[in-house]
Amino acid sequence: MMALLVLCVFAAAFNCISASAEVCTNTLLPGAKGDQGEIGEEGDQGKLGKNGPSGPSGVSGEAGLKGEVGQTGKMGPIGDNGNKGDTGLEGPAGFKGKPGTTCDCGRYRKVVGQLDVNVGKLRNAVKFVKNVILGLKETEERYYLLVKEPKRFREASMNCKLRGGILAMPKTSNTNHLMADSVSQAGLTRVYIGVLAQSKDTNGTSSYVYADSSPLQGFAAWSQEEELTNSTSCVELLSTGTWSHVECEATMFFICEFPKSRRRGGGGGGGRGGTPAPVPS
């Protein structure tokens, strides 16, 4: 009887433990993979995203058609004075004037004679000021001033224009000799002159022009070596009278030239009734 009771208690305990384990381990296990479902309907369009990075540059397009002619621009600055023209034909003789009145001109001749003497003295004084004090050289048509201020070629050209002139252009052997003497007397060896390269041809040789854009004609003072090596754009005058190529960025002294003012009656001299030429500053 006792053994049967013990067996019942043991069976009840076993059932309780089994029930507890069954409650604690009550989880769903995944089943086998099912068949693929049907494709759903297309959804609504989504929102625009952020702009992406710029792509590489495309190939350049073809040139467009030539546009219409634009409006006329403003008038440019006044250019340099041109070369002196040829002397015109002599005009017809004027009408005969009225007869003058008789007078005693003896005393007036004395006054005029004394004025001539005074004008001659004044002319010599002006010549002394120009040649000795200012260092000017002159020909029948132009003054030449040696400027002792080291500048590059472009600055030297602008400086001459501000003074009312232009970089000196030795267009004849006499003018070239006059300028070379001025350089030598000043104790210098070289100066800028108004000669520069304009362009290069197919052989790489430069064509040279004067500062007023006129071509070199009839005279040039290149040395034999300089004619073979013309790779630079600017030109210097040596105290020996020869020309040499030089870099335009070099700084050196230079010579300016100034045209003499025209006098009434076409005369270039300093006679009575003429207008004196301005002295370059």
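Two strands are said to pair when DSSP finds at least two bridges between them. Strands are DSSP runs (E, at least two residues), numbered from the N terminus. Everything below comes from a predicted model, where local features need pLDDT of at least 70, side-chain atom pairs count only at pLDDT 80 or more, and totals for chains, interfaces and linings use all residues. Residues are numbered from 1 along each chain as its sequence is written, and side-chain values use heavy atoms, leaving out hydrogens and water.

**View A. Strand 6 and strand 7 pair in the antiparallel sense.** Here strand 6 (residues 234–238) meets strand 7 over 4 bridges. Look for Cys 234, whose bridge partner in strand 7 is Val 246, and for Glu 236, which stands opposite Ser 244. Between the strands of this hairpin lie 4 residues, and Gly 241 takes a positive phi near 95°.

**View B. Strand 7 (residues 243–246) is covered on both faces.** In a regular strand, side chains alternate between the two faces of the sheet. Trp 243 and His 245 on one side, and Ser 244 and Val 246 on the other, are all buried (under 20% relative accessible area, with a 1.4 Å probe and protein chains only). Strand 6 is mostly covered, with 4 of its 5 residues buried.

**View C. Tyr 143 sits in strand 2 (residues 142–151).** Tyr 143 counts as buried because its relative accessibility is 4%. Tyr 143 and Pro 259 are 116 residues apart in sequence, yet their C-alpha atoms are 6.4 Å apart in space.

Conventions: Buried means under 20% relative accessible area, exposed over 50%, partly exposed in between (1.4 Å probe, protein chains only).
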